[in-house]
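Please keep the structure open as you go through the points.

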Amino acid sequence: NITPQPTLRPISVPVSNPVESSTSECNRHREPWHLLSDDERSLYINGFKELANQGKSQLFAKVHHAVAEHGNAAFLPWHRLFLWEFETQIRKLGGDYSCFAL
């Protein structure tokens with residue numbers, strides 16, 4: 001007996017140009033949450049809220065749910081790119097977010 005697998009429809013998520021984004025003046029140095037200042041935590045939360053207002057965080061959530069296979073050997077590289085892209089979308093908000101790191 002073969003169990004039918006759900007059909008996954010492609011979900012469009014904004015994708016950045018890695019070359020363009022990597023030339024930024026800011027490094028992507030990530031700090032643990034418990035080491036962030038209140039201002040850094042607010043920037044983090046407000047960046048997520050702004051992406052939610054634009055509907056982007058919902059797209060990322062759908063892709064993560066539909067595609068991420070946590071037990072798969074390819075998961076860690078996939079997830080690293082996924083977070084890099086999410087971080088890039090927050091950086092593209094500009095202003096205080098231009099050097100944002102998750």
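Among contacts in the chain between residues at least 6 apart in sequence, 67% join residues at least 24 apart. Please bear in mind that this is a predicted model. The chain has four helices and zero strands, and from the N terminus on its elements read α-α-α-α. Of its 102 residues, 25% are buried.

**The disulfide**

- The structure contains one disulfide, and the cysteines joined are Cys26 and Cys99, with an S to S distance of 1.5 Å.
- This pair ties together distant parts of the chain, 73 residues apart.
- Cys26 sits in the loop between helix H1 (18-22) and helix H2 (38-53), while Cys99 lies in the segment after helix H4 (75-91).
- Are the two cysteines buried or exposed? Cys26 has a relative accessibility of 19%, so Cys26 counts as buried, the cut-off being under 20%.
- Cys99 has a relative accessible area of 39% and is therefore partly exposed.

**Helix H2 against helix H3**

- Two packed helices are described by the angle between their axes and the distance between the axes.
- For H2 and helix H3 (residues 56-67), the angle is about 90° and the axes are 5 Å apart.
- H2 is therefore roughly perpendicular to H3, as angles of 65 to 115 degrees are classed that way.
- On the H2 side the contact is made by Phe48, Leu51 and Ala52, and on the H3 side by Lys56, Ser57 and Gln58.
- By type, the residues of this contact of H2 with H3 are three nonpolar, two polar and one charged.
- Ala52 belongs to helix H2 and is partly exposed, with a relative accessible area of 28%.
- Not counting residues up to four places away in sequence, Ala52 touches Ser57 and Gln58, and these two H3 residues also take part in the contact between the helices.

**Helix H3 against helix H4**

- How do the axes of H3 and H4 cross? They come within 11 Å and cross at roughly 175°.
- That angle makes H3 roughly antiparallel to H4, because angles over 145 degrees fall in that class.
- H3 contributes Lys56, Ser57, Phe60, Val63, His64 and Val67 to the contact, and H4 contributes Trp78, His79, Phe82, Glu85, Phe86 and Gln89.
- The residues of the contact of H3 with H4 split into six nonpolar, four polar and two charged.

**Glu87, a buried residue in H4**

- Glu87 is found in helix H4.
- With a relative accessible area of 0%, Glu87 is buried, so it falls under the 20% cut-off.
- Which side chain makes a polar contact with the side chain of Glu87? The partner is Arg28, at 2.5 Å.
- Leaving aside neighbours within four places in sequence, Glu87 is in contact with Arg28, Arg30, Phe100, Ala101 and Leu102.

Key. Residues are numbered from 1 along each chain as its sequence is written. This is a predicted model: local features need pLDDT of at least 70, side-chain atom pairs count only at pLDDT 80 or more; totals for chains, interfaces and linings use all residues. Side-chain values use heavy atoms; hydrogens and water are left out. A disulfide is a pair of cysteine sulfur atoms within 2.5 Å. Buried means under 20% relative accessible area, exposed over 50%, partly exposed in between (1.4 Å probe, protein chains only). Axes are lines fitted to C-alpha atoms, for helices over the stretch in contact, and angles run from 0 to 180 degrees between N-to-C directions. Angles under 35 degrees count as roughly parallel, over 145 as roughly antiparallel, 65 to 115 as roughly perpendicular and the rest as oblique. Contact means heavy atoms within 4.5 Å. Ala, Val, Leu, Ile, Met, Phe, Trp, Tyr, Cys and Pro count as nonpolar, Asp, Glu, Lys and Arg as charged, and the others, Gly among them, as polar. A polar contact is a pair of N or O atoms within 3.5 Å; within protein, one must be able to donate a hydrogen and the other to accept it, and residues adjacent in sequence count only if both atoms are side-chain atoms.
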